[in-house]
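Subject: Structure for your review

Dear colleague,

I am handing over the structure below, and I would be grateful if you could read it alongside the notes that follow.

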Amino acid sequence: NNSSLGRKGAIFITDKITYGVPAVDVPVQSAVGAGDSLVAGLVYGLHEGLSIEKSIAQAMGTSCGAVMTAGTKPPTKEVVRELAERVNLFVISRGL
C-alpha cells in the first residue's frame, strides 16, 4: 500500500515494514498526475525485479519528475533516475 502526502512525500506499507519518504525538493510546474506517477513508478520497479526500497525510490523519482513538467507530460528516464538517487527513505515501523 502507498499513500501520497503531496509536497510532504509518501508512506509505503509492506507486510513487514512501513517506510516514510520525504519528497525530493524540485520546482513544481503542475501536480496533475503526480499520484498516478507514484503508483506507476512503484509498479514498474517491482515488475523489473527491483527491491522494495529501489522500487520506492523509482516511484518517488517518477512522481517528483512528473510535477516538474507542465500538465500530464511524463518526465524523462534520465530525470527519474537522477531524482530516484536523491530519495531518502526511512523506516517508520517494522512488523504489523
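The largest nonpolar core has 19 residues, and those with the most contacts inside it are Phe-12, Ile-56 and Met-60. A nonpolar core here is a set of buried Ala, Val, Leu, Ile, Met, Phe, Trp, Tyr and Cys residues joined through side-chain atoms within 4.5 Å, where buried means under 20% relative accessible area, exposed over 50% and partly exposed in between, for a 1.4 Å probe and protein chains only. The elements that give two or more residues to this core are strand E2 (10-13), strand E3 (17-21), helix H1 (34-47), H2 and H3, and the largest share, 6 residues, comes from H2. The element names follow DSSP runs numbered from the N terminus, with helices (H or I) of at least four residues and strands (E) of at least two.

Please bear in mind that this is a predicted model, in which local features need pLDDT of at least 70 and side-chain atom pairs count only at pLDDT 80 or more, while totals for chains, interfaces and linings use all residues. Residues are numbered from 1 along each chain as its sequence is written, and side-chain values use heavy atoms, with hydrogens and water left out.

Ile-56 is in contact (heavy atoms within 4.5 Å) with Phe-12, Tyr-19, Val-21, Leu-42 and Leu-89, once its neighbours within four places in sequence are left aside.

Turning to the helices, H1 and H2 pack at an angle of about 150 degrees, with their axes 7 Å apart; the axes are lines fitted to C-alpha atoms, for helices over the stretch in contact, and angles run from 0 to 180 degrees between N-to-C directions. H1 and H2 are therefore roughly antiparallel to each other, on a scale where angles under 35 degrees count as roughly parallel, over 145 as roughly antiparallel, 65 to 115 as roughly perpendicular and the rest as oblique. H1 passes H2 in a right-handed crossing, the term for a near helix turned clockwise from the far one by less than a right angle, with anticlockwise being left-handed. The residues of the contact of H1 with H2 divide into 11 nonpolar, 7 polar and no charged, where Ala, Val, Leu, Ile, Met, Phe, Trp, Tyr, Cys and Pro count as nonpolar, Asp, Glu, Lys and Arg as charged, and the others, Gly among them, as polar.

Helix H2 (residues 52-67) also packs with helix H3 (residues 77-85), at an angle of about 120 degrees and with their axes 8 Å apart, and the two are therefore oblique to each other. The contact is made by Ala-57, Gln-58, Gly-61, Thr-62, Cys-64 and Gly-65 of H2 and by Val-79, Val-80, Leu-83 and Ala-84 of H3.

Gln-58 is buried, with a relative accessible area of 18%, and, not counting residues up to four places away in sequence, it touches Gly-41, Tyr-44, Gly-45, Val-80 and Ala-84. Thr-62 likewise counts as buried, at 13% relative accessibility, and, with neighbours within four places left aside, Thr-62 is in contact with Ser-37, Gly-41, Pro-75 and Val-80.

Finally, Ile-11, whose place is in strand E2, is partly exposed, with a relative accessible area of 27%.

With best wishes
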